[in-house]
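Morning, everyone. I have one structure to walk you through. Here it comes.

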Amino acid sequence: LHSRHRVEHILDKINRRHRMAQMASRASTEFYTGLALKDRETLAGDRLPNEKAFVIRTFRNGISVFVSV
């Protein structure tokens, strides 16, 4: 069996890697969403496109919406 200290050390590494993977996934989603919106903006010319959306959830620093295509 492994010592408690060694198990805690391994679990800390696993948790850190998982946290980093989550952050990378969120950043990637934000980046590609931004690219997609930028492309739609340039296709629409000078005006921003109008889309219907449903507010799913509100947060202190933003909102979550569902936009159907």
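From the N terminus on, the order of elements is α-β-β. That makes 1 helix and 2 strands in the chain. Helices (H or I, at least four residues) and strands (E, at least two) are DSSP runs, numbered from the N terminus.

A word on the source. This is a predicted model: local features need pLDDT of at least 70, side-chain atom pairs count only at pLDDT 80 or more, and totals for chains, interfaces and linings use all residues. Residues are numbered from 1 along each chain as its sequence is written, and side-chain values use heavy atoms, with hydrogens and water left out.

Now the surface. The chain has about 7100 Å² of accessible surface (Shrake-Rupley method, 1.4 Å probe; for residues, only the protein chains shown count as cover). Carbon and sulfur atoms hold 56% of that. Of the 69 residues, 1% count as buried. Buried means under 20% relative accessible area, exposed over 50%, partly exposed in between, with a 1.4 Å probe and protein chains only.

Next, charges. How many salt bridges does a search of the whole structure find? The count is 1. A salt bridge here is a side-chain nitrogen of Lys or Arg within 4 Å of a carboxyl oxygen of Asp or Glu. Arginine 4 pairs with glutamate 8, and their closest N and O atoms are 3.1 Å apart. The two sit 4 residues apart in helix α1, so about one helical turn separates them. Arginine 4 is exposed at 67% relative accessible area. Glutamate 8 is partly exposed at 37%.

Last, isoleucine 10. Its place is in helix α1, residues 4–43. Isoleucine 10 is partly exposed, at 33% relative accessibility.
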